[in-house]
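Dear colleague,

I am passing on the structure below, together with some notes on what turned up when I went through it. Please look at it first and then read on.

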Amino acid sequence: MASRGIHHLGVAVDDLDVAVDTYARLFGAEVEHRATVPEQGVEAASLRVGGDRLELVSALGPDTPVGKFLAKRGPGMHHVAFEVDDLGAELGRLAADGAELIDTAPRRGLFGLEVAFVHPETTGGVLAELVSRG
């Protein structure tokens with residue numbers, strides 16, 4: 001994969017406000033963006049911690065993907081996001097390599113990014129997200 005690096009680590013949380021305050025207090029995190037994306041069923045905050053980024057995601061309801069994750073596993077590590085230059089090309093390459101894709105085409109993600117997810121069975125149990133600036 002022509003990954004430019006890790007874009008962010010995603011953490012599922014029960015209460016976004018409490019989580020943002022906790023990361024700010026404990027680690028000096030600063031909110032970079034905050035948004036609600038009803039079609040994905042999430043409210044999220046992108047936090048900068050030094051030169052790195054965390055994405056805190058909370059569910060808008062129990063039947064959303066993050067809501068189901070929280071019900072099954074509780075709060076915690078949700079995904080690792082890799083930044084790529086050409087998301088469509090990377091999805092094609094991964095599919096040709098036999099990767100199980102959740103998204104076969106890029107879709108609009110948070111904060112103006114194009115995103116696609118790779119099933120955790122492909123990556124040894126970790127949900128992987130590919131992101132591109134579009």
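To begin with a question: which backbone oxygen does the side chain of serine 132 reach? In this model, which is predicted, the side chain of serine 132 reaches the backbone oxygen of aspartate 85, at 3.4 Å. Serine 132 belongs to strand E8, which covers residues 127–132, and with a relative accessible area of 4% serine 132 is buried. Leaving aside residues up to four places away in sequence, serine 132 touches Val84, Asp85, Leu87, Leu113 and Glu114.

In E8, 6 of the 6 residues are buried, so the strand is largely enclosed by the rest of the structure. Both faces of E8 are covered, with Leu127, Glu129 and Val131 buried on one side and Ala128, Leu130 and Ser132 buried on the other. E8 pairs with E5 in the parallel sense over 5 bridges, and within that strand leucine 130 is the bridge partner of phenylalanine 82. E8 is also joined by 5 bridges to strand E7 (residues 114–118), and these two strands run antiparallel; here phenylalanine 117 stands opposite glutamate 129.

Strand E5 itself spans residues 76–84 and includes alanine 81, which counts as buried at 0% relative accessibility. Not counting residues up to four places away in sequence, alanine 81 touches Gly5, Ile6, His7, His8, Glu129 and Val131. The C-alpha atoms of alanine 81 and aspartate 15 are separated by 22 Å, and these two residues lie 66 residues apart along the chain.

Isoleucine 6, one of the residues touched by alanine 81, lies in strand E1, residues 3–12. With a relative accessible area of 56%, isoleucine 6 is exposed, and together with Leu9 and Met77 it makes a nonpolar surface patch of about 280 Å².

The charged residues are my next topic. Side chains of opposite charge can pair when their charged atoms come close. The count of salt bridges comes to 9, including the three described here.

Aspartate 85, whose backbone oxygen was mentioned above, forms a salt bridge with arginine 4, and the closest N and O atoms are 3.2 Å apart. This pair links distant parts of the chain, since aspartate 85 is in the loop between E5 and helix H3 (87–96) and arginine 4 is in strand E1, 81 residues apart. Aspartate 85 and arginine 4 are both exposed.

Another salt bridge brings together the side chains of aspartate 17 and arginine 34, at 2.7 Å from N to O. This pair, too, links distant parts of the chain, with aspartate 17 in helix H1 (residues 16–27) and arginine 34 in strand E2 (residues 30–37), 17 residues apart. Aspartate 17 is partly exposed, at a relative accessible area of 44%, and arginine 34 is partly exposed as well, at 38%.

Glutamate 90 is buried, with a relative accessible area of 9%, whereas arginine 93 is partly exposed, with 33%. Elsewhere, salt bridges that share partners join Asp17, Arg34 and Glu43 into one network.

With best wishes

Terms used
Residues are numbered from 1 along each chain as its sequence is written. This is a predicted model: local features need pLDDT of at least 70, side-chain atom pairs count only at pLDDT 80 or more; totals for chains, interfaces and linings use all residues. Side-chain values use heavy atoms; hydrogens and water are left out. Patches are made of residues with over 30% relative accessible area and no salt bridge: like charges are joined within 9 Å, nonpolar side chains (Val, Leu, Ile, Met, Phe, Trp, Tyr) within 5 Å. Accessible areas come from the Shrake-Rupley method with a 1.4 Å probe; for residues, only the protein chains shown count as cover. A salt bridge is a side-chain nitrogen of Lys or Arg within 4 Å of a carboxyl oxygen of Asp or Glu. Helices (H or I, at least four residues) and strands (E, at least two) are DSSP runs, numbered from the N terminus. Buried means under 20% relative accessible area, exposed over 50%, partly exposed in between (1.4 Å probe, protein chains only). A polar contact is a pair of N or O atoms within 3.5 Å; within protein, one must be able to donate a hydrogen and the other to accept it, and residues adjacent in sequence count only if both atoms are side-chain atoms. Contact means heavy atoms within 4.5 Å. Two strands pair if DSSP finds at least two bridges between them.
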